[in-house]
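Colleague: I have a chain open here and would like to talk it through with you. Could you start with the charged contacts and then move on to the fold?

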Amino acid sequence: LTSRDIYGRLVETLYDQAQENNNGVLITDKLTHQDLAEMIGSSREMISRIFADLKNGGYIEVDKKQVIILKQLPERL
């Protein structure tokens, strides 16, 4: 866990959890911020902050606790 920063671990986890739908869009199963925080060893608050930045940048969308990856996530925020 310590070899990557929180953002890097979150991005890796999102890609690991995502599956491509019929339209070629990557969508995760239903995950809460707390679920993701526990998976990567972070706090829910940090996940919420990162998600806000990714949503504002147009990288992700969240619908009914499913994360929809709209475009390639940046290496760094």
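**Salt bridges, sheet and first helix**

Modeller: This is a predicted model, and a search of the whole structure finds 2 salt bridges.

Colleague: Which residue meets Arg76 in a salt bridge?

Modeller: The partner of Arg76 is Asp5, and their side chains meet at 2.8 Å, taken from N to O. Asp5 lies in the segment before H1 while Arg76 lies in the segment after E4, so the pair ties together parts that are 71 residues apart in sequence.

Colleague: And is Arg76 buried or exposed?

Modeller: Arg76 counts as exposed because its relative accessibility is 60%, and the cut-off for that class is over 50%. Asp5, at 35% relative accessibility, counts as partly exposed.

Colleague: What about the other one, which residue does Glu45 pair with?

Modeller: Glu45 forms a salt bridge with Arg44, and the closest N and O atoms of that pair are 3.3 Å apart. Glu45 counts as partly exposed at 41% relative accessibility, and Arg44 is partly exposed too, with a relative accessible area of 37%.

Colleague: Okay, changing topic to the sheet: what is the order of the strands?

Modeller: The order is E1-E2-E4-E3, in an open sheet of 4 strands with antiparallel pairing. Strand E1 (19-20) and strand E3 (60-63) are the edge strands, each of which pairs on one side only.

Colleague: How many bridges join E1 to E2?

Modeller: There are 2 bridges between E1 and E2, which run antiparallel, and within this part of the sheet Glu20 stands opposite Leu26 in E2. H1 packs on the sheet, where it touches E1, E2 and E4, and the direction of H1 makes about 90° with that of E2.

Colleague: One last check on the geometry: how far apart are the end C-alpha atoms of H1?

Modeller: They are 16 Å apart, which agrees with expectation, because the 12 residues of helix H1 (residues 6-17) should span 16 Å at 1.5 Å a residue.

Notes:
Residues numbered from 1 in each chain as written. Predicted model: local features only at pLDDT ≥ 70, side-chain atom pairs only at ≥ 80, totals over all residues. Heavy atoms only, no water. Expected span 1.5 Å × (residues − 1). Salt bridge = Lys/Arg side-chain N within 4 Å of Asp/Glu carboxyl O. Buried < 20%, exposed > 50% of the residue type's maximum accessible area, 1.4 Å probe, protein only. Pairing = 2+ DSSP bridges. Contact = heavy atoms within 4.5 Å. Axes fitted to C-alpha atoms, helices over the stretch in contact; angles between N-to-C directions.
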